[in-house]
Amino acid sequence: MQGRMIEMAKKLLGDGTVNRVIGWKKGEFAYDITPAVFENAEEIDADFVYDDFCGHNLSKYLIKESKKDGKMLVFLKPCDTYSFNQLIKEHRINRENVYIVGIPCEGKASAETIKEKGISGITGISSDGDNFKVNTIYGDETVAKSDVLEERCTVCKSKKHVVYDELIGEDGEVNENSSRFDMVAKLENMTADERYAFWRNELSKCIRCNACRNVCPACSCENCVFDNPNSGVSNKAAVTSFEENMFHIIRAFHVAGRCTDCGECSRVCPQNIPLHLLNRKFIKDINELYGDYQAGEESEGRTPLTTYTKEDCEPSIVNERGCK
Amino acid sequence: MQRIGVFVCHCGTNIAGTVDVKAVAEALKNEQGVVFSTEYQYMCSEAGQSIIKNAIKEHKLTGVVVCSCSPRMHEATFRKTASSAGLNPYMVEIANIREQCSWIHKDMEKATEKAIILGRAAIAKVHLNAPLTAGESPVVKRALVIGGGIAGIQTALDIADAGFEVDIVEKKPTIGGKMTQLDKTFPTLDCAACILTPKMVDCAQNEKIKIYSYSEVESVSGFVGNFSVKIRKKARYVDETKCTGCGLCTEKCPMKKVPNEFNLGMNNRSAIYIPFAQAVPKIATIDPDHCNMLKNGKCGVCAKICTAGAINYKQEDEIVEEKYGAIIAATGYNPINLDKYDEFAYSQSKDVITSLEFERLTNAAGPTSGKLLRPSDGVHPHTIVFVQCVGSRCGAEDSKGGKSYCSKICCMYTAKHAMLTREKYPDTDVYVFYIDVRTPGKNFDEFYRRAAEEYGVHYIKGMVGKVMPQADGKLLVQGSDLIAGEQLKINADLVVLAAAIEPDKSARPLATMLTASMDTNDFFTEAHPKLRPVESPTAGIFLSGACQGPKDIPETVSQASAAAAKAIGLLCKDKLTCNPCVAHSDEMMCNGCSQCEKVCPYGAISYEDKEFRMPNRTTAIRRVAKVNPAVCQGCGACTVTCPSGAMDLNGFSNRQIMAEVDAICR
């Protein structure tokens, strides 16, 4: 795959279709891949990489990159294309300046999960498709890829590219049977006190590094309310430990109806807070209250939360469900 | 720091009966910024207002909090009071301690505590209030009436009479609407055409009135006093300026087998047609679905015969754009489709007809020249059964497209049909099946009783269960007589169904264009069902006739004149004062995501690409939201939708609301 992508990137750069390429390059460690912009074939040959650790959703980078002169080639995995479409809907990406190459994805691995299996001192990782051979300073270990997938990939919602200019490989299908709402359902079945305790515990780990916000394609504001002293919200989230928890709640409200469930928030959280569950709760509620809706499936039109129809549920539904 | 005065109203015992008003005034005295606090029996009274005025002057107040009834009741009153004492009216806040406190609580202690908290919230808000000044917008002195039935005609005539220009847009080739199809009108039995056609002619001859016939509203933008409307003039393939209405073309047109909609398909017309003799404007129209010349280029008879040279097969739709200060919706009604009412055999038998079809059968200009003959065989019917409430007053579980409401006009027109039938053809037996007979208009009940008592119409309380066409051409009507408690079987020659009426299909898309609200039945909703019955909640949009609800002619005409009066009131003004509590966007914060534009029910938000100065002498072009303050009604939907907080509402800013919440939670 990496070879075909490099070949395509060089071709499109060469024939002038695009001026720049956004992809991934190796970081300090084998699993420490980072998004990067390439401007010529030499840079691509030197650094371009695509492997099981390229989890980053490159759509968000296009907000800034698409405003620059010239056209940019971007490689998007199926779930990244949903974010791309949603950003197009919100007029945040200049579509003319982007050339999308859809790439297939069989799930991305999580270095965190590998480490949780007691494997430390990693010096290198290689893959034979189904298994990883992990070189460590203590010797080599083998783990099955299926055991160390990102949570979002274990419940993958779609392998279909909703937008692209060109595809590498075959397009996949939407996975109608994803079990991504199982954990939300479990939380819903808790008592209010249990649920409160669960979230207090999780959110108390937050160190307010803002990584979740910065990586989130839905958090694309020019100026975030939490950075704006006039919003009346910024200091709200810093007064007490309880109000600090509100940072995540407010963020979930801000992305409600727009979150495509790309799962980047949980991937980047250094404290391993399952932030995606907040967003999934909203998605599940929207599906149940307003009919099935997948943000980013379309690049235009209205979202359930910005539309009024006569069939919409009454506001009292919130109370009824909350009291359950 | 604000200097705030707090004024607690007793509202007689309305508030003081449940809330310890003295304790409220006392407690709020200690709030930050409060320099004066008092209570009085009736704050809205002359004396109460003087207390406020004096306090503003004496204590140099910069903000006022009145703890009283709902702001809907007296906010305007107290704003005026403050204004007359030299304070900006928007520095007044109301704490509603009546509707939201004293009226709904019984426990004095708890109600008092809540009143204090509500007062505290209002004080916290006033701290962040800023003086606001209302802007002005000009008024285009021209009105648009959409729909040219009797409602639209009356509204247009009244507006023109007041000296304003008014345009009528009518989708059919002629104005006149449903009333042109009626024979006589209840309760006075004067002929519909005789009273309507002079009004149609008045419209055509009035210098102030312009008729866009065979035209539809394409789009509406703008706001009260300043609407911009695109009107599509559909191609009629006849030059309106040349056609004299001589009608020669309609006689010579070889395509004569087109169902005539004016007679509800009961006879035919030609492909080029004038709907009826008194049509206004009297101009021929070519039906492109049936004209051979337009379909396959083989004919051209009308062009050859027309001495005026008015025929133009190449004519295309034309879009006209006009500006209006006020728009009046008068889109009218239609009988519902009865295809699903199999029990009445409407689609099986030609002799089961709707009341409107009956109206055509008795009209001198109708398919039978006014002779009451059965559609199937042209024989005079001797037994006629009228069935009331077909599709009206249906339960919620009705699956045939029936309506829950009463169509209001059927009882009276059926009494008219029955009476006229008995008068003209005394040898005819007339039965009317009814649920209730509703005749509350002026001289209406007398009319109905005359039909039943003097004209011998058989009124039977009960519904018809089934109509069965028989081999001999008769219709076997099975019904129940609830008063006699027996099942009836009547061998009828003709069955007339009083079909429910529903708003015209064009009303729904029109409402969307006008951002006017509708009820679940697609009738336009009024701004207030009792006190503002001819205005839409959307400023500058008025409602005339049956588009607002089922109405007979007298009621339609009076409402049409009322709508005209309201429109004239608006057009008389040179400038409109705008509500200063409108939204505005902070361009530096705006992402241009368009969510506010989508939720705005008034179409007040648009986007523009704006150049911004960026660091290092660079510039960037960003898409940002722009609010038209004249259109914005201050509902605040955009402010809660905006993820970045760029949208804010004057007088209800995000910070003010947050301060209120904080004050309540303190």
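Predicted model: local features only at pLDDT ≥ 70, side-chain atom pairs only at ≥ 80, totals over all residues.

Q: Which residues touch the most other members of the largest nonpolar core?

A: A:Trp24 and A:Phe75 do, in a core of 50 residues. Helix H1 (residues 2–14) of chain A gives the most to this core, with six residues.

Q: Where does that core lie relative to domain 1 and domain 2 of chain A?

A: Between them, because both domain 1 (1–109 + 154–179) and domain 2 (111–148) give residues to this core.

Q: What does A:Phe75 touch, leaving out residues up to four places away in sequence?

A: Its contacts include A:Met5, A:Ala9, A:Trp24, A:Phe48 and A:Ile103. A:Phe75 also forms one aromatic cluster with A:Phe38 and A:Phe48.

Q: On to rings. How many aromatic pairs over all chains?

A: There are 16. One of them is A:Phe53 with A:Phe132, a tilted pair at 5.5 Å centre to centre and 35° between the planes. These two residues are 79 apart in the chain, and both are buried.

Q: And how are the rings of B:Phe186 and B:Phe444 arranged?

A: Their planes are at 85°, with centres 5.4 Å apart, so the pair is edge-to-face. B:Phe186 is in a loop and B:Phe444 in helix H12, so the pair ties together parts 258 residues apart in sequence. B:Phe186 and B:Phe444 are buried.

Q: Which ring does the charged end of A:Arg208 sit over?

A: The ring of A:Phe247, 4.0 Å from its centre. In chain B, the charged end of B:Arg623 sits over the ring of B:Tyr607, 4.2 Å from its centre.

Methods. Residues numbered from 1 in each chain as written. Chains lettered and ligands numbered in written order. Heavy atoms only, no water. Core = buried A, V, L, I, M, F, W, Y, C linked by side-chain atoms within 4.5 Å. Buried < 20%, exposed > 50% of the residue type's maximum accessible area, 1.4 Å probe, protein only. Helix = DSSP H or I, 4+ residues; strand = E, 2+ residues; numbered from the N terminus. Domains from an automatic or database assignment. Contact = heavy atoms within 4.5 Å. Phe/Tyr/Trp six-rings, centres within 6.5 Å; stacked < 30°, edge-to-face > 60°. Lys NZ or Arg CZ within 6 Å of the ring centre and 35° of its normal.
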